[in-house]
Amino acid sequence: MTERIQPVPAVAGELARAEPRAAVPQLEGWGRIPAPGRETLTEDLARATQGAVLSRGLGRSYGDSSLPAAVDDKVVGTRFANRILSFDETTGVLRAEAGFSLVELNRLFISRGFFSPVTPGTQYVTLGGMVASDVHGKNHHVEGCFGRHVKSLRMRLADDTIVDCSPTELPDLFWGTVGGMGLLGHILEVELTMHRIASPWIWMESQRVPNIDAFLVALGKSAPAWPMTMGWIDCLNRGRSMGRGILMAGRWAEPGEAPSAPPKVAKKKTIPVDFPNFALNNFTASLFNTAYYWKHVRKEWKGVVGPDPFFYPLDAILQWNRGYGSRGFTQYQCVLPRAGGPEMVREFMQLLTKLGGASPLCVIKDCGPEGQGVLSFPLEGTSIAIDMAVSPGLQKIIDSLNEFVIAAKGRMYLTKDRFTRAEHFRAMEPRLPRFLELREKWDPKRRLRSAQSVRLFGDSA
Ligand SMILES: Cc1cc2nc3c(=O)[nH]c(=O)nc-3n(C[C@H](O)[C@H](O)[C@H](O)COP(=O)(O)OP(=O)(O)OC[C@H]3O[C@@H](n4cnc5c(N)ncnc54)[C@H](O)[C@@H]3O)c2cc1C
């Protein structure tokens with residue numbers, strides 16, 4: 001059966017990005033480092049993407065992947081192209097325009113017993129952005145990345161033709177687009193298979209873990225037992241309690257465990273202005289980390305929680321990126337292969353705490369096997385993501401972390417990146433020649449580009 005459900009226009013404040021700060025038109029990623037340019041917002045992607053060089057969703061990528069390479073580059077903002085085109089409740093197959101947001105998907109479908117097969121840690125993303133970054137979630141070790149659940153894509157290519165692709169139809173275009181950061185074409189429509197959920201509640205168990213070694217053991221035990229796992233770790237503490245944190249594991253609650261009423265959606269708070277740049281420093285970040293660690297008063301906790309606090313704790317405060325001040329920030333996310341063992345993760349943590357620069361936000365995840373997306377981020381191992389404010393020493397910190405990751409045969413995540421050097425990217429990415437071959441085939445004139453593709457893929461500025 002095919003049901004038509006129309007999303008209501010999303011609450012303006014919820015889907016807003018931080019306001020641009022200068023009179024010169026500029027765009028920002030979530031890390032708030034601006035680039036000159038403007039986006040053409042449209043309800044008609046098929047028309048607006050003609051001659052465009054980049055598509056952009058809700059700008060939740062931290063770095064410069066959704067920013068133009070030059071001020072006059074035509075950038076299409078997709079978030080108003082947000083119609084659901086079809087939904088089949090017997091198969092869970094949903095087709096929607098690329099600008100359809102996850103927050104709308106959750107609002108419409110959780111109460112109907114369906115959820116996205118994979119969700120990142122924010123719901124303020126579009127389907128197009130989820131495909132282009134091939135996002136992963138707390139269930140990567142079980143479900144892989146988002147692209148694995150995509151059945152087909154409608155795309156506008158660099159030569160302005162419109163094509164459909166899927167794992168069986170033009171598979172090279174499909175798997176290059178999944179995780180390809182918008183560089184093979186504009187995604188117009190996405191068809192995916194949703195997951196059925198037993199109730200709109202999550203059964204969660206969390207535990208306080210005293211250091212990184214214990215954390216890796218606990219994470220290793222949780223992954224086979226739970227469909228969703230993830231941890232927060234303290235990236236500032238050194239010595240015996242380096243890498244202490246809170247490990248969370250969860251699954252959708254069975255109807256018998258869940259309250260009969262649906263979870264309430266809490267009213268969102270917002271940060272209305274930029275914090276002063278000095279507000280977040282090593283001292284305040286350490287205080288926050290200590291308080292957050294000990295807020296988990298009991299060593300272990302279990303119970304039922306709503307999907308919002310479980311999947312999207314950061315979304316509780318809109319525009320929380322203003323907390324880093326006008327200087328902006330970045331997120332460094334890397335994955336270290338399992339073959340390197342816990343020693344490698346411990347050494348990474350030692351380097352990170354020695355270099356400094358980390359903020360309270362440091363997330364550790366267990367990744368399952370690598371997927372089919374030519375440039376998809378995860379590989380089997382441990383992923384660590386750290387937010388860092390922009391500072392004079394930041395480039396050196398990122399360089400040192402990247403040198404470690406190259407030696408470890410790991411990789412960093414393009415959708416978070418703003419500071420990696422091209423030579424470091426080439427050294428950590430043996431799949432790059434394959435991706436460049438695909439660009440040669442689908443966009444030989446290199447019409448599609450972003451500030452990131454100029455920085456990392458050698459596109460002309
Ligand atoms: C708080 C927070 C938590 C996050 N947690 C996670 C996480 O757990 N896991 C994870 O994987 N990611 C995570 N992310 C990153 C986020 O999921 C990705 O950056 C996602 O791509 C953002 O979607 P968007 O719609 O905002 O895309 P944008 O940021 O606007 O764009 C991202 C990329 O997608 C391309 N793109 C967007 N739309 C299209 C289109 N229609 N056609 C072609 N290309 C397109 C852009 O060109 C750009 O390269 C998180 C981000 C934040 C802010």
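Predicted model: local features only at pLDDT ≥ 70, side-chain atom pairs only at ≥ 80, totals over all residues.
Biologist: Why is Asp-160 called partly exposed?

Modeller: Its relative accessible area is 30%, and the class covers values between under 20% and over 50%; Asp-160 is therefore partly exposed. Asp-160 lies in the loop between strand 10 (150–156) and strand 11 (162–165). Strands are DSSP runs of E with at least two residues, helices are runs of H or I with at least four, and both are numbered from the N terminus.

Biologist: How do you know whether Lys-409 is buried or exposed?

Modeller: The relative accessible area of Lys-409 is 68%, so this residue is exposed. Lys-409 sits in the loop between helix 11 and strand 23, and its phi, near 60°, is also positive.

Biologist: Why are helix 10 and helix 11 called roughly antiparallel?

Modeller: Helix 10 (residues 341–355) and helix 11 (residues 394–407) pack at about 170°, with axes 11 Å apart. Axes are lines fitted to C-alpha atoms, for helices over the stretch in contact, and angles run from 0 to 180 degrees between N-to-C directions. Under 35 degrees counts as roughly parallel, over 145 as roughly antiparallel, 65 to 115 as roughly perpendicular and the rest as oblique; the two helices are therefore roughly antiparallel.

Biologist: Which residues of helix 10 and helix 11 make the contact?

Modeller: Contact means heavy atoms within 4.5 Å. Helix 10 contributes Met-344, Glu-347, Phe-348, Leu-351, Leu-352 and Leu-355, and helix 11 contributes Ile-397, Ser-400, Leu-401, Phe-404 and Val-405.

Biologist: Why is the pair of Trp-252 and Phe-311 called tilted?

Modeller: Rings of Phe, Tyr and Trp (its six-membered ring) pair if their centres lie within 6.5 Å; planes under 30 degrees apart count as stacked, over 60 as edge-to-face and the rest as tilted. The centres of Trp-252 and Phe-311 are 5.7 Å apart and their planes stand at 40°, so the pair is tilted. Trp-252 belongs to strand 16 and Phe-311 to helix 9 (residues 307–311), 59 residues apart. Trp-252 and Phe-311 are buried. Phe-311 also forms a tilted pair with Tyr-312, at 5.8 Å centre to centre and 45° between the planes.

Biologist: What makes strand 4 and strand 5 edge strands?

Modeller: Two strands pair if DSSP finds at least two bridges between them. The open sheet of three strands has the order 4-6-5, with parallel pairing. Strand 4 (39–41) and strand 5 (54–56) each have a single partner strand, so one side of each is left without a neighbour in the sheet.

Biologist: How do you know that strand 4 and strand 6 pair?

Modeller: Strand 4 and strand 6 (residues 75–77) share three bridges in the parallel sense, and the criterion is at least two. In strand 6, Gly-77 is the bridge partner of Leu-41.

Technical notes:
Residues numbered from 1 in each chain as written. Heavy atoms only, no water. Buried < 20%, exposed > 50% of the residue type's maximum accessible area, 1.4 Å probe, protein only.
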